[in-house]
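Biologist: Could you take me through this model step by step? I would like to follow along with the picture.
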Amino acid sequence: MNTPRFPSPRSDYAFPLRLTANRGAQAPYSDHVQQMLVQLLLTSPGERVNLPTFGCGLRQLLFAGQSAALSANVGIQVRQAVKQWLGDQVSVHNVDVLAGATAPPGSGLDQGQVLVTLSYVLVDTQAASQVSVVVG
């Protein structure tokens with residue numbers, strides 16, 4: 001039986017690293033996890049010397065034709081990367097992918113861009129959140 005953990009005033013290092021007068025280099029835990037997700041989504045495997053398999057590889061998919069197959073592939077890659085690298089901190093609820101070629105006018109996406117929105121739940125606090133990144 002899984003019992004949810006209770007919220008704590010937990011914090012961790014902010015990324016990018018910055019110092020503030022009241023928190024130093026710390027960020028609230030929810031912000032820290034969101035920052036880690038952005039790093040994971042925008043890093044390509046092989047980009048980090050000490051962690052060569054870290055990353056999601058979304059930028060490589062931009063060279064594929066923008067279609068429903070691309071959206072499905074992005075969703076699968078995001079879920080797998082999050083499960084591998086942040087599965088103990090985040091439970092993925094949904095991955096939405098909007099390609100610039102199929103985006104409605106006024107969405108702000110260019111032809112070659114993809115908007116990835118990841119909805120998730122923090123394992124520690126059971127708080128729902130989401131993060132969006134534009135790739136391209």
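Biologist: In which sense do strand 3 and strand 4 pair, and over how many bridges?
Modeller: Strand 3 and strand 4 run antiparallel and are paired over 9 bridges. Two strands count as paired if DSSP finds at least two bridges between them. Helices (H or I, at least four residues) and strands (E, at least two) are DSSP runs, numbered from the N terminus. One place to look is Ser91, which stands opposite Val121 in strand 4.

Biologist: Before we go on, what kind of model is this, and how are the residues numbered?
Modeller: This is a predicted model, in which local features need pLDDT of at least 70 and side-chain atom pairs count only at pLDDT 80 or more, while totals for chains, interfaces and linings use all residues. Residues are numbered from 1 along each chain as its sequence is written, and side-chain values use heavy atoms, with hydrogens and water left out.

Biologist: How many helices and strands does the protein have?
Modeller: The protein has 3 helices and 5 strands. Along the sequence they follow the pattern β-β-α-α-α-β-β-β.

Biologist: How do strand 4 and strand 5 pair?
Modeller: Strand 4 (residues 114–122) and strand 5 (residues 128–135) are antiparallel, with 8 bridges. They form a hairpin with 5 residues between them, and Gln126 in the turn has a positive phi of about 60°.

Biologist: What is the strand order in the open sheet?
Modeller: The open sheet has 3 strands in the order 3-4-5, with antiparallel pairing. Strand 3 (90–99) and strand 5 are at the edges and have a single partner strand each, so one side of each is left without a neighbour in the sheet. On average, neighbouring strands of this sheet are turned by 20° against each other, direction ignored. For such angles, axes are lines fitted to C-alpha atoms (for helices, over the stretch in contact), and the angles run from 0 to 180 degrees between N-to-C directions.

Biologist: Which strands does helix 1 touch?
Modeller: Helix 1 (residues 29–42) packs on the sheet and touches strand 3, strand 4 and strand 5; its direction makes about 30° with that of strand 5. Helix 3 (residues 68–86) also packs on the sheet, where it touches strand 3 and strand 4, and its direction makes about 155° with that of strand 3. Contact here means heavy atoms within 4.5 Å.

Biologist: Let us pick one residue. Is Ser119 buried or exposed?
Modeller: Ser119 is buried, with a relative accessible area of 15%. Buried means under 20% relative accessible area, exposed over 50%, and partly exposed in between (1.4 Å probe, protein chains only). Ser119 lies in strand 4 and stands opposite Gln130 in strand 5. Leaving aside neighbours within four places in sequence, Ser119 is in contact with Val92, His93, Asn94, Ser129 and Gln130.

Biologist: And the core, how many residues does the largest nonpolar one have?
Modeller: It has 26 residues, and those with the most contacts inside it include Val33, Leu37 and Tyr120. A nonpolar core is a set of buried Ala, Val, Leu, Ile, Met, Phe, Trp, Tyr and Cys residues joined through side-chain atoms within 4.5 Å. At least two residues of this core come from each of helix 1, helix 2, helix 3, strand 3, strand 4 and strand 5. Not counting residues up to four places away in sequence, Tyr120 touches Val33, Leu37 and Val131, among others.

Biologist: Changing topic, how many aromatic pairs are there?
Modeller: The structure holds 1 aromatic pair. Phe54 and Trp85 form this edge-to-face pair, at 5.2 Å centre to centre and 70° between the planes. Rings of Phe, Tyr and Trp (its six-membered ring) pair if their centres lie within 6.5 Å; planes under 30 degrees apart count as stacked, over 60 as edge-to-face and the rest as tilted.

Biologist: Where in the chain are Phe54 and Trp85?
Modeller: Phe54 is in the loop between helix 1 and helix 2 (58–61), and Trp85 is in helix 3, 31 residues apart. Phe54 is buried at 9% relative accessibility, whereas Trp85 is partly exposed at 24%.

Biologist: What does Gly46 touch?
Modeller: Gly46 touches Pro52 and Phe54, not counting residues up to four places away in sequence. Gly46 is in the loop between helix 1 and helix 2 and is exposed, with a relative accessible area of 53%.
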